Amino acid sequence: MSPTIRPTHQLFTLADFDEAADVIRQRISHRPRIGLVLGSGLGRLAERIAGANVLPYDAIPHFPRPSVEGHAGRLVAGRLGKHQVLTMEGRLHYYEGHSLQQVTFPIRVMQRLGIDMLIVTNAAGGLNPDFEPGDIMLITDQLNLAAMAGLSPLRGPDRPELGPRFPSMSEAYDLQLRRLTHRVASAQGLSLREGVYCMLAGPHFETPADLRFLRSIGVDAVGMSTVPEVLVARHGGMRVLGLSVISNVARPEAGSAGKEEGHAGVLAVADRASDHMCKLIEGLLTELRDLE
Ligand code: HPA
């Protein structure tokens with residue numbers, strides 16, 4: 001394990017979130033209302049941000065550091081489309097050794113900064129037989145197997161200052177934002193897939209039996225991230241949009257996901273698809289008029 005990762009299952013306090021938020025506020029000249037989380041190989045979007053202020057995670061109190069290739073570890077604030085955004089270039093994964101409290105720390109900090117909309121991206125294995133590598137999938141819903149087994153970033157004492165005790169997840173991914181994304185994609189001539197995303201803890205890819213099980217319970221794409229962040233964002237009252245790049249097929253008959261390509265293959269396909277993803281998100285933030 002990287003010596004920079006010290007997993008803590010302690011709850012962060014409101015003061016911890018605010019300490020991080022204050023440093024970010026002092027170091028950026030923008031007042032973002034939209035947060036962006038860039039998944040594996042999708043960091044290129046950060047290059048399109050105008051008037052960028054860059055802040056490495058290690059300059060921010062309590063901020064965990066990513067250890068995975070393809071995840072830079074810095075915040076980029078600036079303008080994208082018609083909006084000011086705060087972008088996480090490099091996300092944190094549970095499999096790295098971070099606790100779910102640490103994985104979702106940046107989302108709480110965004111919440112304390114007044115961010116009320118979150119766009120999450122990831123690279124995922126496509127279980128749906130219609131999906132091909134390079135496709136972009138709009139996430140319609142998520143399956144939280146970890147939480148079903150008792151692993152949730154919301155576990156712990158009630159903290160009404162952060163959100164309700166029993167948050168609804170009946171519309172985890174905002175319907176209006178999904179409709180707008182479809183409109184923008186079709187104007188760009190981009191065919192968009194749709195489906196249910198499921199997170200497994202990883203870091204191993206799935207067995208054929210895992211994949212048969214996931215398919216039978218209605219999963220379209222599988223990955224190792226996103227779900228805890230979306231749960232915390234919804235708990236904190238944010239609207240959420242999620243997009244997956246299908247980086248590989250994940251089907252029992254094709255062999256276990258990532259068998260040949262592994263993480264390097266995931267990064268290569270995500271990199272190739274990232275132009276479409278960047279254009280789509282930029283187009284969306286140009287069309288998105290108000291945040292009320
Ligand atoms: N499985 C799990 N996570 C992934 C995959 C996969 O096939 N591809 C990219 N992330």
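Reply: Buried means under 20% relative accessible area, exposed means over 50%, and partly exposed lies in between. The model is a predicted one. Asp 158 is called partly exposed because its relative accessible area is 41%, a value between the cut-offs of 20% and 50%.

Me: What makes the contact of Asp 158 with Arg 165 a salt bridge?

Reply: A salt bridge needs a side-chain nitrogen of Lys or Arg within 4 Å of a carboxyl oxygen of Asp or Glu. The nitrogen-to-oxygen distance between Arg 165 and Asp 158 is 4.0 Å, so the pair qualifies under the 4 Å limit. Arg 165 has a relative accessibility of 36% and therefore counts as partly exposed.

Me: How many salt bridges does the structure hold, and which residue pairs with Arg 193?

Reply: There are 12 salt bridges in the structure. Arg 193 pairs with Asp 135, with 2.9 Å between the closest N and O atoms. This pair links distant parts of the chain, 58 residues apart: Arg 193 belongs to strand β7 (residues 192–199), and Asp 135 to the loop between β5 (117–126) and β6 (136–143).

Me: Why is Asp 135 called buried and Arg 193 partly exposed?

Reply: Asp 135 has a relative accessible area of 14%, and buried means under 20%, so the term applies. Arg 193 has 26% and is therefore partly exposed.

Me: What separates Glu 287 from Arg 289 in their salt bridge, and why is Arg 289 called exposed?

Reply: The closest N and O atoms of Glu 287 and Arg 289 are 3.7 Å apart. Arg 289 has a relative accessible area of 58%, and exposed means over 50%, so the label follows. Glu 287, at 38%, is partly exposed.

Me: Why are the buried residues of α5 said to line one face of the helix?

Reply: The buried residues of α5 are Leu 177, Arg 178, Leu 180, Thr 181, Val 184 and Ala 185. Viewed down the helix axis, these buried residues fall within an arc of 165°, so they line one face. Gln 176, Arg 179, Arg 183, Ser 186 and Ala 187 are exposed on the other side of α5.

Me: Which helix gives the most to the lining of the second largest cavity?

Reply: Helix α8 (residues 262–287) does, with 4 residues. The second largest cavity has a volume of about 40 Å³, and its lining holds 6 nonpolar, 2 polar and no charged residues.

Me: What makes the backbone at Thr 226 and His 62 worth noting?

Reply: Most residues other than glycine have a negative phi, and most peptide bonds are trans. Thr 226 is not a glycine, yet has a positive phi of about 75°. Thr 226 sits in the loop between β8 (221–223) and α7, and its relative accessible area of 0% makes it buried. His 62, also not a glycine, has a positive phi of about 70°. His 62 is in the loop between β2 and β3 and counts as partly exposed at 34%.

Me: Which peptide bond is cis?

Reply: The bond from Gly 202 to Pro 203 is cis, with omega near 0°. Pro 203 is located in the loop between β7 and α6 (208–216).

Notes. Residues are numbered from 1 along each chain as its sequence is written. This is a predicted model: local features need pLDDT of at least 70, side-chain atom pairs count only at pLDDT 80 or more; totals for chains, interfaces and linings use all residues. Side-chain values use heavy atoms; hydrogens and water are left out. On a 1 Å grid over the protein atoms alone, a cavity is a set of points where a 1.4 Å probe fits but cannot get out, and a pocket is an open set with protein on both sides within 12 Å along at least five of seven lines; lining residues have an atom within 4 Å of a point. Grid points are joined across faces, edges and corners, and a volume is the space filled by probe spheres set on the points. Helices (H or I, at least four residues) and strands (E, at least two) are DSSP runs, numbered from the N terminus. Ala, Val, Leu, Ile, Met, Phe, Trp, Tyr, Cys and Pro count as nonpolar, Asp, Glu, Lys and Arg as charged, and the others, Gly among them, as polar. Buried means under 20% relative accessible area, exposed over 50%, partly exposed in between (1.4 Å probe, protein chains only). The arc is that of the directions from the helix axis to the C-beta atoms.
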